[in-house]
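Colleague: I have a structure on screen and some questions about it. Could you take me through the rings and strands?

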Amino acid sequence: MNLGKLKPLFFMLLYSSILNAQTGDPGTANLFDQNELKLISSDFSFTEGCSPDRQGNVFFTDQPNDKIWRYGTDGKLSVFLDKSGRSNGTYFDQEGNLVACADENGELWAIGPDGKVTVILKDFQGKQFNGPNDLWINDKGDIYFTDPYYKRDYWTRTGRDMNSNDVYYLPKGTKQPVRVISDLNTPNGIVGTPDGKFIYVADIGAGKTYRYSIAANGELGGKQLLMEYGSDGMTLDERGNIYLTTGKGVLIFNPNGQMIGQIKVPHEPSNLCFSGKDKNVLFITARKAIYTLPMKVKGIE
């Protein structure tokens, strides 16, 4: 065997492997089959804020139409709540309530399984929020949420009370949140790790996503730039991979911030979560449409 002839081939294969990993070739991720992406419906105005309940059913918002929809594990679509307070991001708490960023009046709502609404937060030190956008709830029931300013056509207010776009922390059982991030351009997508040690926050205005460590008192520190991409919505899988929704589709990064996959979506994605009875079906909201994609990993929400 002529080892000298094998060397160029070895380095060519090594370079190809590195290049694929850097460019996010879907084959390097071994997480999904692009051909299995399925359009469920494209009859909405702007879908967002998807969250799975314990059974794997997905609840998502159609903000312009002021509705929250349910996509069941049986494949059926139904309206869960009409007049949703123009809800955007959502997340289920430990009691089974759907907590929603109801930005019509800058509030956080807890919506019971029967559709009953409880306003759990409506202001910060007497000032109206810009418009809570996305949130994450840890195992203790503490809430972290982003509050960027996106002026809506349906608002009756003519100005804003807040002069910055920030991230807040609301400890369970309290009435007023703590401002934990105040140096971002436009914080949007947010998600935390199941062990409660880290949280990811996307600055969609700056095109960057950061990782923070969560202190015992709930405050954030150790800011680290992880990805040179912003994101509207985010989720994590059981391997700690981070899924961002971008203009290039769904981009998947490993815990070190290296891109390992790209899901191409005909409509630009806005949010996503793992759904289904086994939490192994990626559910994607994408403007007027919703999609599903079977995955080889499970979600952790």
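What follows is a short exchange on this predicted model.

Colleague: How many aromatic pairs does the count come to?

Modeller: Rings pair here if their centres lie within 6.5 Å. By this rule, the count of aromatic pairs is 17.

Colleague: Is the pair of F44 and W69 stacked or edge-to-face?

Modeller: Planes under 30 degrees apart count as stacked, and planes over 60 as edge-to-face. The ring centres of F44 and W69 are 5.3 Å apart, and their planes stand at 80°. So the pair is edge-to-face.

Colleague: How many residues apart in sequence are the parts that F44 and W69 tie together?

Modeller: F44 sits in the loop between β1 (38–41) and β2 (47–52). W69 belongs to strand β4 (residues 67–71). Both F44 and W69 are buried. The parts their pair ties together are apart in sequence by 25 residues.

Colleague: Which residues do ring pairs link into a cluster with F44?

Modeller: W69 is one of them.

Colleague: Which residue lies over the face of Y210?

Modeller: A charge sits over a ring if NZ of Lys or CZ of Arg is within 6 Å of the ring centre and within 35 degrees of the ring normal. R211 lies over the face of F198, at 5.6 Å from the ring centre. Over the face of Y210, at 4.4 Å from the ring centre, lies K223.

Colleague: Is S84 buried or exposed?

Modeller: S84 is placed in the loop between β5 (77–82) and β6 (87–92). Leaving out residues up to four places away in sequence, S84 touches D66, K67, I68, A102 and W109. Buried means under 20% relative accessible area. S84 has a value of 0%, so S84 is buried.

Colleague: How many residues of strand β15 are buried?

Modeller: Strand β15 covers residues 198–203. It is largely enclosed by the rest of the structure, because the buried share of its 6 residues is 5.

Colleague: Which residue in β16 is the bridge partner of I199?

Modeller: β15 pairs with strand β14 (residues 187–192) in the antiparallel sense over 4 bridges. There, G192 stands opposite I199. β15 also pairs with strand β16 (residues 208–214), antiparallel over 6 bridges. In β16, the bridge partner of I199 is Y212.

Colleague: Which residue in the turn between β15 and β16 has a positive phi?

Modeller: β14 and β15 form a hairpin with 5 residues between them, and G196 in that turn has a positive phi of about 75°. β15 and β16 form a hairpin with 4 residues between them. In this turn, the residue with a positive phi, about 70°, is G207.

Note on methods:
Residues numbered from 1 in each chain as written. Predicted model: local features only at pLDDT ≥ 70, side-chain atom pairs only at ≥ 80, totals over all residues. Heavy atoms only, no water. Phe/Tyr/Trp six-rings, centres within 6.5 Å; stacked < 30°, edge-to-face > 60°. Helix = DSSP H or I, 4+ residues; strand = E, 2+ residues; numbered from the N terminus. Buried < 20%, exposed > 50% of the residue type's maximum accessible area, 1.4 Å probe, protein only. Contact = heavy atoms within 4.5 Å. Pairing = 2+ DSSP bridges.
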